[in-house]
Each structure stands twice: as C-alpha cells, then as structure tokens.
Amino acid sequence: MEEEIVYRHTVEGVFRSIGDRLTPELRTKLKDVGLDLDAQSPHHTPRKTFAEAIRVTVEHLYPQLDMGEGYRRLGIGIIQGMEQTVLGKSLVSMWPIFGPERVVVRIQESFSTVNNYMRSELLTQGPGHHIIRVNECNGNPGYLRGLIEAGLAKAGAKNLRVEPFDFDGHACSYRIRWGG
C-alpha cells in the first residue's frame, strides 16, 4: 500500500498562513513531532506527522479554546492566508463572481489536491443545501469546517451554517446550508 502523504504545498500553506505566530517555541514543538520547518522541505510529509503537527499548532495558537474551535480557526486562517499570495488573491477574488453553489463544488474537489489519501463526495440536497463526506479529517472535523466556512463566506453565502456530523475519528460529514 502506498504511504499516505500530505503534499509540500499544503504543509507550506498551513504554516505560511499563521505568519508571525510561527514562533521559535512552536517550531521546536513541531520538530519534536517530526516536522522540521527549518530543514530543507521534504517533498511530502507523512499523514500522521501532519496530523500531529496540526494538533500541536492548534494547542499552541489557541490554548484558551476547545480543540474543535481551534481547528476551525486554523482552517479559516488557511483561506485568509491564501489571500496573501498573488495567485490566491486573484483566485479568492473570483469566488463572489462564481457564487457559493460553484465554490462548494470547487472546495470539495480541492480536497484531493492536498494529499494522496483524502477522498470526498458532494451530495447536493437542493440550492444552498449540501453534504460533503470526507474519509479523513486528520483528527478533528473543525479544520475542514473552517476551510469550508471561510471559502463559502468569501463566495457570498449568507446565513451560512457548516455542521460536522458522523465523525468517527477519521471520516466526517458536513451539512452545509446557506440562504433564507
């Protein structure tokens, strides 16, 4: 079986998005769980190392919050971080033109570009009502919840609700609703 890996651009994007909050203390904690951000970037990061790095990052950045909310805020930060790059800024600026219905499809499709193991499925229940099923949430459904919320908010979704359900420690489903 092929090793489950997270692609380099994903790891770089996560840690670029936290900016100056990536302190020497956090770098040391990440190195302790196997992610050395000061070394030459490996081409890929093992899934378990990435999941541990995300957990350590959430604990460091959001110690006053419960883990689910910390993961959610880290996910929101990814979209905000995207807007700090030239390509990301131009991409995110198009989302209001595309609208939330098209962006929810793109978000679900993009999950397969971050690693070699995540599989997802979009089930459309009606306008402004979708379910996304994902086979791996790296330990907490809050991270993808934050990504979905931030992306759809940038696309113009009003009265947005993203609710994780059926989380089994790996797989999770998200009920997504917006509008009236």
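This is a predicted model: local features need pLDDT of at least 70, side-chain atom pairs count only at pLDDT 80 or more; totals for chains, interfaces and linings use all residues.
Entry 1: I looked up the strand order and found an open sheet of four strands, arranged 3-4-6-5 with antiparallel pairing. Strand 3 (120–126) and strand 5 (161–165) are the edge strands; each has a single partner strand, so one side of each lacks a neighbour in the sheet. From one strand to the next, the twist averages 20 degrees.

Entry 2: I then examined strand 4 (residues 129–134) and strand 6 (residues 172–177), which are joined in the antiparallel sense by six bridges. Within this pair, I noted that Ile132 has Tyr174 of strand 6 as its bridge partner.

**Entry 3: helices on the sheet.** I recorded that helix 6 (residues 100–110) lies across strand 3, strand 4 and strand 6, at about 160 degrees to strand 3. Helix 7 (residues 142–154) packs on the sheet and touches strand 4, strand 5 and strand 6, and its direction makes about 25 degrees with that of strand 6.

**Entry 4: the core.** I found 46 residues in the largest nonpolar core; among those with the most contacts inside it are Phe15, Leu144, Tyr174 and Ile176. Leaving aside neighbours within four places in sequence, I listed the contacts of Ile176, including Val104, Ile132, Ile148, Leu152 and Val162.

**Entry 5: the largest pocket.** I noted a space of about 970 Å³ in the largest pocket. Of its 35 lining residues, Ile78, Met82, Ser110, Thr113 and Val114 lie nearest the centre. Which helix gives the largest share of the lining? I found that helix 1 does, with six residues.

Terms used: Residues are numbered from 1 along each chain as its sequence is written. Side-chain values use heavy atoms; hydrogens and water are left out. A nonpolar core is a set of buried Ala, Val, Leu, Ile, Met, Phe, Trp, Tyr and Cys residues joined through side-chain atoms within 4.5 Å. Buried means under 20% relative accessible area, exposed over 50%, partly exposed in between (1.4 Å probe, protein chains only). Contact means heavy atoms within 4.5 Å. Two strands pair if DSSP finds at least two bridges between them. Helices (H or I, at least four residues) and strands (E, at least two) are DSSP runs, numbered from the N terminus. Axes are lines fitted to C-alpha atoms, for helices over the stretch in contact, and angles run from 0 to 180 degrees between N-to-C directions. On a 1 Å grid over the protein atoms alone, a cavity is a set of points where a 1.4 Å probe fits but cannot get out, and a pocket is an open set with protein on both sides within 12 Å along at least five of seven lines; lining residues have an atom within 4 Å of a point. Grid points are joined across faces, edges and corners, and a volume is the space filled by probe spheres set on the points.
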